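Please look over the sequence and the model shown here.

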Amino acid sequence: MLETEICGLKLDNPTVLASGILGNVGSSLRRCARQGAGALVTKSIGKHERQGHKNPTVIRVKEGYLNAVGLANQGIAEFGCEVATAKEGGVPVIGSVFGFSVREFVSVAATMEDYGVDAIELNLSCPNVGKAGAFFGTGEELTYEVVKAVKDSVSVPVIAKLTANTGDLVAIAKACERAECDGVTAINTLKAMKIDIKAGMPILGHKIGGLSGPSIKPVGVASVYEIVKETDLPVMGCGGVTTGEDAIEYLMAGASAVQIGVGVADRGISIFKKVSREIEEFMVENNYKSLKEIIGVAQG
Amino acid sequence: MQTVKIKEIIKETKNIKTFRLDLDLPALPGQYVMLWVPGYDEKPLSISYPGEDVGLTILKKGPTTTRLHEMKAGDVLGVRGPFGRALKISGKKIIAVGGGVGMAPIAPLIEKAISKGVEATVIVGAVTKRELLFVDRVEKAGAKVIITTDDGTCGLKCYTTHALEQELKAEKYDECFTCGPEVMMYMVLGIAKKHKVPTQASMERYFKCGIGICGACVMDDGGLRVCKEGPNFRDVEIEKFKDFGKYTRDASGKKIYW
């Protein structure tokens, strides 16, 4: 009943672990699969090891969560064993990749493919590290260049994770489409800051970070809606999915699957099972037989 | 995150200070907070005095804790928490092994145990006499105290683990607790298992979020999060950890072998 497909990957259910959550250790990824995730996206991995930003890197605020982890990762050379363990979870594993240059994106993606991932997600949207992430995903030309170069180098599907921190998200999605990208994920966190008024300074070690959680869901839903309307790209919705109802909104906007991130903090790792069950209950109550009947229904 | 003023700073040893904060933070023994030193960093720290004027007992180790040790009453710190699974007392006669600043969660545990009528022995270990922590505090609470120092300047000249082996041979205990260097805890678990004493140990890993989402602190092979399912684990859980006593991970996620 909950089966879906995204870029040729067959998922038992539409809940996908978002990048950056429990994602740079294989045993942790595998645990998410065992708790019901339909697919897993790894932490974004780069060419070299990075310690990331100083703590505080993740804080809860009234409006959701702020993070500026700073693309901390062990480097692609160390990541093979983690992918192998993640794959024991029995669901598709999508390797998230970032780079400081087009060449780095290509090289890391190629190694990620060698490790056996089922697809590549290009992080074109991290707001927290200059000259990586959103540096690429906020310009049509650089987006095209990265996607095209990676598409030419790997045979697994390539998904671009996009940011709504751009003037024209649809134009970026169209650049992905021109580069023959297989799909997109929308959206990443939104640039944000929290200042502690007693300390008189921003709390995050990096000062500026990205906002996630329920408050960004309407932005994510609108982004998915527009991309689905204006392109033929399959889309994974991301941003503020905590319940089955949140997921259904994204699906109705046209997403083929939804990614779950900080929802794990609110509902535990079993959030994947919980959201799946809630989607199923909604479908039974409303006489939907398959997700196909729901996906894109709000497009009219 | 709540920002609060430091109310009082107590020098415990040459390199360890206790910071009492202007904050009422009820917590169970073994729970921790994420402590933000504005402009520096944020670190997970065991709560050594739960409740009114919550207390954290901190070893001067790196740049952040060095900065902390320079701070004065009235300075502002940020606190998130309390977080984590507490140490749970179910025995009637317990033994605890605290190495160095590892006494920070052990002391409130012992106070709680004794207040519930539990008989308690504490092995307090340090490199040298002037680094022994909370000896008077657990003695005052009514615990039997065994002191060990590596250099023999106080108590027995041996490691805590030797004292534990002797004590478990001589006396019957129904529960053991430990916090300290991982190599010490690794040995404590082995000795306690040999004597069939169930044990809880307090893990330390690099933390980022403290709320179970970043994945920095997970233990192989089950993916348990030290910040969330821990930091206190039972021996049956720890026995399944592939990394315990072997490797930790740095902020990048890379394995660092001990």
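## Terms and basis

Helices (H or I, at least four residues) and strands (E, at least two) are DSSP runs, numbered from the N terminus. This is a predicted model, in which local features need pLDDT of at least 70 and side-chain atom pairs count only at pLDDT 80 or more, while totals for chains, interfaces and linings use all residues; side-chain values use heavy atoms, with hydrogens and water left out. Residues are numbered from 1 along each chain as its sequence is written, and chains are lettered from A and ligands numbered from 1 in the order in which they are written.

## Cavities

On a 1 Å grid over the protein atoms alone, a cavity is a set of points where a 1.4 Å probe fits but cannot get out, and lining residues have an atom within 4 Å of a point. Grid points are joined across faces, edges and corners, and a volume is the space filled by probe spheres set on the points. Of the 36 residues that line the largest cavity, A:Ser19, A:Gly20, A:Asn67, A:Asn188 and A:Thr189 are the closest to its centre. At least two lining residues come from each of strand 6 (64–67) and strand 16 (257–260) of chain A, with strand 6 of chain A giving the most, 3 residues. By class, this lining has 17 nonpolar, 17 polar and 2 charged residues, where Ala, Val, Leu, Ile, Met, Phe, Trp, Tyr, Cys and Pro count as nonpolar, Asp, Glu, Lys and Arg as charged, and the others, Gly among them, as polar.

The second largest cavity has a volume of about 50 Å³. Its lining is made up of A:Gly20, A:Asn24, A:Lys43, A:Val69, B:Lys208, B:Cys214, B:Gly215 and B:Ala216, which divide into 3 nonpolar, 3 polar and 2 charged residues.

## B:Cys214

B:Cys214, one of the residues lining the second largest cavity, lies in the loop between strand 12 (199–202) and strand 13 (218–219) of chain B. Its relative accessible area is 11%, and B:Cys214 is therefore buried (under 20% relative accessible area, with exposed over 50% and partly exposed in between, for a 1.4 Å probe and protein chains only). Beyond its neighbours within four places in sequence, B:Cys214 is in contact (heavy atoms within 4.5 Å) with A:Gly20, A:Leu22, A:Gly23, B:Lys208 and B:Cys209.

## Helix 3 of chain A

The 13 residues of helix 3 (residues 102–114) of chain A should span 18 Å at 1.5 Å a residue, which agrees with the 19 Å between its end C-alpha atoms; the expected span is 1.5 Å times one less than the number of residues. Among its buried residues are A:Val102, A:Phe105, A:Val108 and A:Met112, and the buried residues of this helix pack against helix 2 (80–87), strand 7 (93–97), strand 8 (119–123), helix 4 (134–137) and helix 5 (140–153) of chain A. A:Gly116, whose phi is positive, near 100°, follows helix 3 of chain A.

## Strand 11 of chain B

Because 5 of the 5 residues of strand 11 (residues 175–179) of chain B are buried, this strand is largely enclosed by the rest of the structure. B:Glu175, B:Phe177 and B:Cys179 cover one side, and B:Cys176 and B:Thr178 the other.

Two strands pair if DSSP finds at least two bridges between them. Strand 7 (residues 93–99) of chain B runs parallel to strand 11 of chain B, joined by 5 bridges, and B:Val97 has B:Thr178 as its bridge partner. Strand 12 of chain B also pairs with strand 11 of chain B in the parallel sense, over 3 bridges, with B:Ala201 opposite B:Thr178.

Methods
1 Å grid on protein atoms, 1.4 Å probe; cavity = no way out; pocket = protein on both sides within 12 Å on 5 of 7 lines; lining within 4 Å.
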